[in-house]
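Hello,

Here is the structure I promised to pass on. Please have a look before reading my notes below.

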Amino acid sequence: MKHSKGLILGAGMTGLSAGWVSGLPVYESQSIPGGICSSYYLFPGQSRRIYSSPDDKEAYRFEIGGGHWIFGGDPTVLHFIRSLAPVKSYKRRSAVFFSKQDLYVPYPIQNHLGYLDKEIAKKALDEIMVAPKGNPKTMSDWLEQSFGQTLTQLFFAPFHEKYTAGLWTRIAPQDAYKSPVNQSIVIQGAFNKTPPAVGYNVIYIYPKEGLNTLAGRMAERCNVNYEKKVARINLTQKEISFQNGSCAKYDNLISTLPLNRIMEIAALEIDCEPDCCTSVLVLNIGAKRGSKCPGEHWLYIPDSNSGFHRVGFYSNVDVSFLPESSQKENDRVSIYAERAYRGGEKPSDEEIALYSKTVVKELQSWKFIEEAETVDPTWIDVAYTWSWPNSNWRERTLKLLEEQSIFQVGRYGRWIFQGIAESIKDGFFVGAAIGKI
Ligand SMILES: Cc1cc2nc3c(=O)[nH]c(=O)nc-3n(C[C@H](O)[C@H](O)[C@H](O)COP(=O)(O)OP(=O)(O)OC[C@H]3O[C@@H](n4cnc5c(N)ncnc54)[C@H](O)[C@@H]3O)c2cc1C
């Protein structure tokens with residue numbers, strides 16, 4: 001049996017960066033690196049995923065976790081990314097789409113009240129100007145206090161019902177910076193249609209040859225052991241058992257696996273209710289471009305009949321996501337539609353097949369697409385992590401694991417909202433700290 005001073009679990013962006021700086025072995029359940037940041041290719045009319053760009057370049061490029069655009073980030077991390085995979089920079093184009101009224105309101109809606117019906121805009125503006133009262137306990141309280149009843153009923157309630165799979169009335173407020181409220185910009189947007197762009201992803205970057213080139217080039221310089229799914233961790237023996245029957249011993253463990261899953265794998269429990277999460281079903285679609293396909297990079301949709309809350313357009317960000325023969329004409333479109341489920345409540349294959357058909361029909365009814373050439377679902381088991389009001393589950397589980405020499409890192413490992421650049425930074429930090437012990 002192999003014994004290592006340190007081991008890393010998971011070869012997503014976090015595990016790869018920890019592996020890069022530490023040189024420690026990385027164990028990954030899949031046969032490719034990158035975790036949910038892996039790109040893949042599908043030929044029109046085919047369903048076999050290919051993990052590198054085909055020679056004839058006649059395939060659609062998609063991502064396992066839907067569009068992954070690199071926002072924010074420490075300058076050194078961005079320099080690192082650029083040195084491995086040349087990138088292009090993009091200016092965000094996103095909007096809220098009310099499908100029943102065929103109305104687009106640029107993101108964020110509170111800064112673009114001028115696009116709404118005058119009466120509604122006036123009511124919403126009056127309500128936003130009232131300073132928040134009290135200390136909101138739940139996300140629904142926070143939204144109503146920040147944006148008022150009118151805008152909440154119009155957009156935030158139906159959108160968050162879908163985005164959090166119904167949890168928004170019970171979970172704690174989180175990530176307020178995603179929907180910033182700045183009263184002077186709100187006023188500007190109510191009377192003038194071009195307020196300044198705000199938020200964490202106004203400008204973002206993406207590798208010219210696809211996100212998989214970044215993961216692939218990091219993996220080339222790491223010691224990754226593929227198809228090693230961790231099944232059990234014996235804390236007393238400090239021993240990992242993999243699903244294929246092999247084992248490895250460790251002194252310290254760096255884990256990028258979701259916090260709830262590592263607790264199960266290590267058979268650990270604490271005496272409080274675990275925090276909740278949502279899974280996301282991503283539907284990747286390659287299609288003939290419809291006559292009313294918008295030019296946005298992604299849309300927040302509060303009223304879809306099929307249940308998705310966000311639709312993104314890979315090929316509106318960059319035409320390199322299309323088969324080469326369509327890149328000049330831009331007569332095709334590659335899309336991802338995201339739908340949330342309560343953590344781990346994965347629909348059956350039949351349900352997914354039925355849902356896929358419904359989504360295609362709905363996008364066709366909006367004239368976003370014509371004929372769909374490929375429709376491919378992917379499942380993100382732990383996608384968004386939430387906490388119950390006043391919960392200390394996260395802090396207590398992290399501490400308990402640290403006492404067992406298991407150091408959790410990354411978005412799912414530490415149960416936080418985080419993008420790729422921050423995940424890479426955290427991986428570097430933990431890898432450097434544990435690697436030489
Ligand atoms: C829907 C969605 C959209 C997002 N969009 C963006 C975006 O636009 N921009 C951005 O910067 N960030 C985005 N993110 C966040 C981004 O995905 C994360 O920051 C990043 O993927 C975290 O990487 P990771 O390595 O920590 O996790 P992961 O990518 O999940 O890697 C974990 C790895 O562990 C492996 N693994 C799991 N279980 C086991 C096991 N039992 N044994 C062995 N290996 C195992 C997995 O196969 C995987 O490779 C998005 C996230 C979601 C959910």
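This is a predicted model: local features need pLDDT of at least 70, side-chain atom pairs count only at pLDDT 80 or more; totals for chains, interfaces and linings use all residues.

Just after H4, Ala165 has a positive phi of about 50°.

H4 itself deserves a check. The helix runs over residues 139-163, 25 residues in total. A straight helix would reach 36 Å at 1.5 Å a residue, yet the end C-alpha atoms of H4 are only 12 Å apart. There is a bend of about 120° at Gly148.

Next, helix H3, residues 118-129. Its twelve residues should span 16 Å at 1.5 Å a residue, and the end C-alpha atoms are 16 Å apart, so the two agree. Which residues of H3 are buried? They are Ala124, Leu125 and Ile128. These three cover an arc of only 100° around the axis, which means they sit on the same side of H3. An α-helix has 3.6 residues a turn, so residues three or four places apart point the same way. Glu119 and Asp126 are exposed on the other side of H3. The buried residues of H3 pack against H4 and helix H5 (183-191).

Now the ligand. Around the ligand are 36 residues, and Gly10, Gly12, Gly35, Gly410 and Gly419 come nearest. Two or more shell residues come from each of helix H1 (13-22), strand S5 (70-71), strand S18 (369-385) and helix H12 (420-435). H1 gives the most, with three residues. By class, the shell has 16 nonpolar, 16 polar and four charged residues.

Best wishes

Methods:
Residues are numbered from 1 along each chain as its sequence is written. A residue is near a molecule or strand if its C-beta atom, placed from the backbone, lies within 6 Å of it. Helices (H or I, at least four residues) and strands (E, at least two) are DSSP runs, numbered from the N terminus. Ala, Val, Leu, Ile, Met, Phe, Trp, Tyr, Cys and Pro count as nonpolar, Asp, Glu, Lys and Arg as charged, and the others, Gly among them, as polar. The expected span of a helix is 1.5 Å times one less than its number of residues. The bend at a residue is the angle between axes fitted to the seven residues ending there and the seven starting there. A residue is buried if 20 or more other C-beta atoms lie within 10 Å of its own, exposed if 12 or fewer, and partly exposed in between; C-beta atoms are placed from the backbone. The arc is that of the directions from the helix axis to the C-beta atoms. Two residues are in contact if their C-beta atoms, placed from the backbone, lie within 7 Å.
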